[in-house]
Amino acid sequence: MSDVSSALIVRRLDLHSTGEAARWDAFVQSCPNATFFHRAGWQVLIREVFRHDTYFLYAEAAGNIRGILPLGHVKSRLFGNALTSLPFSVYGGVAALDEDAASTLEREAEHLAQRLDVDHLELRNVQRCHTDWPVQDLYVTFRKSIAQKEEDNLLAIPRKQRAMVRKGIKNGLTSHIDVSVDRFFALYADNVHRHGTPALPKAYFNGLCRVFGPDCEVLTVCAPDGRPVSSVLSFYFRDEVLPYYAGDDEAARELAANDFKYWELMRLACARGLKVFDYGRSKQNSGSYAFKKNWGFEPTPLHYEYRLYKSDSVPQNNPANAKYRLLIAAWRRMPIALANWLGPKIARNLG
């Protein structure tokens, strides 16, 4: 895109170049502060499924990538006009080997944001990078090491929650790795409908499995009669497992299927020799926040930093915003078939 200095050149990843994508992903695998959400495949999903423009920028010197910054441009009448790293992700921002590459990419992102005339630029950083930028402190993440022995992982779960895992085992629940997203999507769509939020399209989940292959996996929990009651779609990155999307039947609570599901995922991760269980993002003081705390995980703040151009405050496009209460209540009353048809048209702008 531009020659920023004699050493570093910023380029835009070509969506159709498998060679460039391979170079990008090789950098992601080796860069310490890169995450699963920095992978090149997200560009395909954001453009093909959600129809948003993407700007996956990389800085290179002497033919070697020194840093990357994946960006998505989400423009919506309802939720605003934003350039984000990265829509539909927990972690984002720059992943770089040195400060020169990081600052070069961020300057390029700011110039791009101004050319696109967006309301704001959002970088979903784990660590605080710009003390002079407004920050969204709504979210935390939960990560914990996986012990080498299965029994040690079970004993590390606090007593009350461990009792729920044992209840699920006693109830005869079983877990299965699915070859499709069908059972997962039915549970997920019903679950988010009950919570009053629109579901992402089934094509997106099919796309995740297609683009990321074995690094995207569905685990479904069934009752003794074979009926699916809980399911989770997880990502695998280096030595980590990241349960990311989940859904439960209304019977899951009585059967303790939710706790059993995450225990099975942890047990299988342990058997694979993985080192980190990333329980994912939650809003502070929410139900999922309390659930993960009860599992013995400690929250780590996420620092979503903003460069504001057309507003004086950080946008609050989340269910905790009081202005969405009536919409949430109405969505819960909507027939599930209508919600599944209309939901993706709204959810595509909620990245």
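Biologist: In which sense do strand 13 and strand 14 pair?

Modeller: Strand 13 (residues 240–248) pairs with strand 14 in the parallel sense, over two bridges. Strands here are DSSP runs of E with at least two residues, helices are runs of H or I with at least four residues, and both are numbered from the N terminus. Two strands count as paired if DSSP finds at least two bridges between them. Please note that this is a predicted model, in which local features need pLDDT of at least 70 and side-chain atom pairs count only at pLDDT 80 or more, while totals for chains, interfaces and linings use all residues. Residues are numbered from 1 along each chain as its sequence is written, and side-chain values use heavy atoms, with hydrogens and water left out.

Biologist: Which residue of strand 14 is the bridge partner of valine 241?

Modeller: Valine 241 has phenylalanine 277 as its bridge partner in strand 14.

Biologist: How many bridges join strand 9 to strand 14?

Modeller: Seven bridges join strand 14 to strand 9 (residues 139–145), and the two run antiparallel. Arginine 143 stands opposite aspartate 278 of strand 14.

Biologist: Is strand 14 mostly covered or mostly exposed?

Modeller: Strand 14 (residues 276–283) is mostly covered, with six of its eight residues buried. Buried means under 20% relative accessible area, exposed means over 50%, and partly exposed lies in between, using a 1.4 Å probe and protein chains only.

Biologist: What is the order of the strands in the sheet?

Modeller: Seven strands make up an open sheet of mixed pairing, in the order 10-11-12-13-14-9-15. Strand 10 (174–178) and strand 15 (299–301) are the edge strands, each pairing on one side only.

Biologist: And how do strand 12 and strand 13 pair?

Modeller: Strand 12 (residues 228–237) pairs with strand 13 in the antiparallel sense over eight bridges. Serine 230 has aspartate 248 of strand 13 as its bridge partner.

Biologist: Changing topic, which residues have the most contacts inside the largest nonpolar core?

Modeller: Trp42, Phe205 and Leu208 have the most contacts inside that core, which has 48 residues. A nonpolar core is a set of buried Ala, Val, Leu, Ile, Met, Phe, Trp, Tyr and Cys residues joined through side-chain atoms within 4.5 Å. Helix 6 (residues 182–194) gives the most to this core, with five residues.

Biologist: Why does this core lie between domain 1 and domain 2?

Modeller: Domain 1 (9–139 + 303–315) and domain 2 (147–274) both give residues to the core, so it lies between them. The domain bounds come from an automatic or database domain assignment.

Biologist: How far apart are the C-alpha centres of the two domains?

Modeller: The C-alpha centres of domain 1 and domain 2 lie 29 Å apart. Their contact, meaning heavy atoms within 4.5 Å, takes 20 residues from domain 1 and 17 residues from domain 2.

Biologist: What area do they bury between them?

Modeller: Domain 1 and domain 2 bury about 1,500 Å² between them, 72% of it on carbon and sulfur atoms. Buried area is the accessible area (1.4 Å probe) that two parts lose on being put together, summed over both. Of the area that domain 1 buries against domain 2, Phe36, Arg39 and Leu45 supply 37%, more than any other three residues.
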